[in-house]
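This briefing is meant for a reader who is meeting this structure for the first time. Please look over the sequence and the model, and then follow the points below, which are grouped by topic.

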Amino acid sequence: MADDELEAIRQQRMAELQAKHGVRTKSCETETDMRNSILAQVLDQSARARLSNLALVKPEKAKAVENYLIQMARFGKLGGKISETGLIEILEKVSQQTEKKTTVKFNRRRVMDSDDEDD
């Protein structure tokens, strides 16, 4: 009897997990579909190809540009479809905003040196 009850509990738990996972997958798919449809309305074919190429190389930057374009589209700041040159300008703006400046600082250690003895 204990084995049957345990198996029933396992099956019930597995069904719950599958149901939760299925809901998450569907919500992610609809979100992705919405993003793609908005980007298809906003970008022309060459700009869309450039953005997909960028997504292969630098997915973080592509995601940032997509978010920027979707936000502009939602607020109605885009006049029409963005061409490839317009996308290049947007990419330059985003790269300037996210540009990391690297600085190198040398900390030199003072070691007993023969030059110190001459003083």
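Glutamate 84 has a relative accessible area of 27%, and it is therefore classed as partly exposed. The model in which this residue is seen is a predicted one. The side chain of glutamate 84 meets that of arginine 50 in a salt bridge, with 2.8 Å from N to O. This pair links distant parts of the chain, since glutamate 84 belongs to helix α4 (residues 84-97) and arginine 50 to helix α2 (residues 45-57), 34 residues apart.

**The chain as a whole**

- The chain contains five helices and zero strands, and its elements, read from the N terminus on, follow the order α-α-α-α-α.
- Of the 119 residues in the chain, 17% count as buried.
- The accessible surface of the chain is about 10,400 Å², and carbon and sulfur atoms account for 51% of it.
- Among the contacts in the chain with a separation of 6 or more, 69% are between residues 24 or more positions apart.

**Salt bridges**

- Side chains of opposite charge can pair when their charged atoms come close.
- The count of salt bridges in this model comes to two.
- One of them is the pair of glutamate 84 and arginine 50, in which arginine 50 is partly exposed because its relative accessible area is 33%, a value between the limits of 20% and 50%.
- In the other, the side chains of arginine 35 and glutamate 66 meet at 3.0 Å, N to O.

**Surroundings of arginine 35 and glutamate 66**

- Arginine 35 has a relative accessibility of 15%, which is under the 20% limit, so this residue counts as buried.
- When residues up to four places away in sequence are not counted, arginine 35 touches Lys63, Glu66, Asn67 and Ile70.
- Glutamate 66 counts as buried as well, because its relative accessible area of 17% is under 20%.
- With its neighbours within four places in sequence left aside, glutamate 66 is in contact with Leu39 and Leu51 as well as with Arg35, the residue with which glutamate 66 forms its salt bridge.

**A buried residue in a loop**

- Where does isoleucine 82 lie? Isoleucine 82 is placed in the loop between α3 and α4.
- Isoleucine 82 is buried, because its relative accessibility of 10% is under 20%.
- Leaving out residues up to four places away in sequence, isoleucine 82 touches Val42, Leu43, Asp44, Ala47, Leu69, Leu87 and Ile90.
- Isoleucine 82 and serine 46 are 36 residues apart along the chain, and their C-alpha atoms are separated by 9.5 Å.

**A charged patch on the surface**

- Which residues form the negative surface patch? The patch is made up of Asp3, Asp4, Glu5 and Glu7.
- Glutamate 5, one of the residues of this patch, is part of helix α1 (residues 2-42).
- Glutamate 5 counts as exposed because its relative accessibility is 52%, a value over 50%.

Key. Residues are numbered from 1 along each chain as its sequence is written. This is a predicted model: local features need pLDDT of at least 70, side-chain atom pairs count only at pLDDT 80 or more; totals for chains, interfaces and linings use all residues. Side-chain values use heavy atoms; hydrogens and water are left out. Patches are made of residues with over 30% relative accessible area and no salt bridge: like charges are joined within 9 Å, nonpolar side chains (Val, Leu, Ile, Met, Phe, Trp, Tyr) within 5 Å. Accessible areas come from the Shrake-Rupley method with a 1.4 Å probe; for residues, only the protein chains shown count as cover. A salt bridge is a side-chain nitrogen of Lys or Arg within 4 Å of a carboxyl oxygen of Asp or Glu. Lys and Arg count as positive and Asp and Glu as negative; His and the chain ends are not counted. The place of a charge is taken as NZ of Lys, CZ of Arg, CG of Asp or CD of Glu. Helices (H or I, at least four residues) and strands (E, at least two) are DSSP runs, numbered from the N terminus. Buried means under 20% relative accessible area, exposed over 50%, partly exposed in between (1.4 Å probe, protein chains only). Contact means heavy atoms within 4.5 Å.
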